[in-house]
Amino acid sequence: MIKGEKVYLRPILKSDLEYLNKWKNDEGVYRFLGGGFMPISIDQQEKWLDSMIDLTGNNKRFIICDRQDSPIGMIGLYDINWIHRTCEIGIYIGDKSSYGNGYGKEACILLEDFARDYLNIRKIKLNVVIDNEAAYNMWNVLGYKKVGELVRERFIKGEYHNLIIMEKFL
Ligand SMILES: CC(C)(COP(=O)(O)OP(=O)(O)OC[C@H]1O[C@@H](n2cnc3c(N)ncnc32)[C@H](O)[C@@H]1OP(=O)(O)O)[C@@H](O)C(=O)NCCC(=O)NCCS
């Protein structure tokens, strides 16, 4: 478990299935994420979950829990490149009542520290939709720098949106 003050990160369990499915089916949580909003059944989610219980891959996902041990979201490192020592970061807080308490920020700091100190990652990259104000602000607060912008890249709720590319050296 990766422990912080407000939250801790732990590996995904099979028993996480129900809320992972609830979050996945929430348009407000998923619309700005890479895969977009795509409701799935609990059976489909179970198949996905089985494929996630893989320790050898280049993606490392964790459940974010608050101090009451309640799962509130998911965070992960994706596309880890062990030669270049780079990866991407992704996060969502699925429990909307938890927004704005500093949980997202702390979860990112915990994962960055883990990436640097245990995985020997030196740079983290990410994509954020320009209209995703909360996330764009959070990445800026965390010290990510904008290095590019893809124009009309993502189709979300009937409109194309620009995508900002950011990076941070750890
Ligand atoms: C982005 C997200 C993870 C932020 O989580 P959170 O726990 O609410 O964020 P925090 O409370 O840790 O806030 C961190 C920073 O984000 C910014 N922020 C958070 N909520 C904001 C809001 N509603 N409006 C503007 N900025 C906001 C602030 O800059 C804040 O820093 P500050 O408190 O020092 O000013 C959350 O909104 C979320 O899960 N969104 C849906 C999924 C998503 O968009 N993921 C990111 C994809 S790139």
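## A mixed sheet, a nonpolar core and a ligand shell

Strands β6 and β8 run antiparallel and are joined by seven bridges. They belong to an open sheet of eight strands with mixed pairing, in the order β1-β2-β3-β4-β5-β6-β8-β7. Please keep in mind that this is a predicted model: local features need pLDDT of at least 70, side-chain atom pairs count only at pLDDT 80 or more, and totals for chains, interfaces and linings use all residues. Residues are numbered from 1 along each chain as its sequence is written.

**Overall build**

- The protein chain holds five helices and eight strands; helices (H or I, at least four residues) and strands (E, at least two) are DSSP runs, numbered from the N terminus.
- Starting at the N terminus, the elements follow the order β-β-α-α-α-β-β-β-α-β-α-β-β.
- The C-alpha trace spans about 40 × 40 × 30 Å along its principal axes.
- Of the contacts in the protein chain with a separation of 6 or more, 55% are between residues 24 or more positions apart; two residues are in contact if their C-beta atoms, placed from the backbone, lie within 7 Å.

- Two strands pair if DSSP finds at least two bridges between them.
- β1 and β2 form a hairpin with three residues between them, and they pair antiparallel over two bridges.
- β2 and β3 also pair in the antiparallel sense, over five bridges.
- L9 is the bridge partner of I2, and I64 in β3 is the bridge partner of L9.

**Core and surface**

- Buried residues make up 22% of the 170 residues; buried means 20 or more other C-beta atoms within 10 Å of a residue's own, exposed means 12 or fewer, and partly exposed lies in between, with C-beta atoms placed from the backbone.
- The largest nonpolar core has 30 residues, and L9, I64, I75, I89, A107, L111 and L126 have the most contacts inside it. Such a core is a set of buried Ala, Val, Leu, Ile, Met, Phe, Trp, Tyr and Cys residues joined through C-beta atoms within 7 Å.
- α4 gives the most to this core, with six residues.
- Leaving aside neighbours within four places in sequence, L9 is in contact with M1, I2, F62, I64, I75, A107, L110 and L111.
- S97, in the loop between β5 and α4, is exposed, with 8 other C-beta atoms within 10 Å.
- The C-alpha atoms of S97 and V128 are separated by 22 Å.

**Around the ligand**

- There are 22 residues around the ligand, and G104, K105, A134, N137 and M138 come nearest; a residue is near a molecule if its C-beta atom, placed from the backbone, lies within 6 Å of it.
- The elements giving two or more residues to this shell are β5 (86-93), α4 (103-118), β6 (123-129) and α5 (133-141).
- α5 provides the largest share, six residues.
- The shell divides into 14 nonpolar, six polar and two charged residues. Ala, Val, Leu, Ile, Met, Phe, Trp, Tyr, Cys and Pro count as nonpolar, Asp, Glu, Lys and Arg as charged, and the others, Gly among them, as polar.
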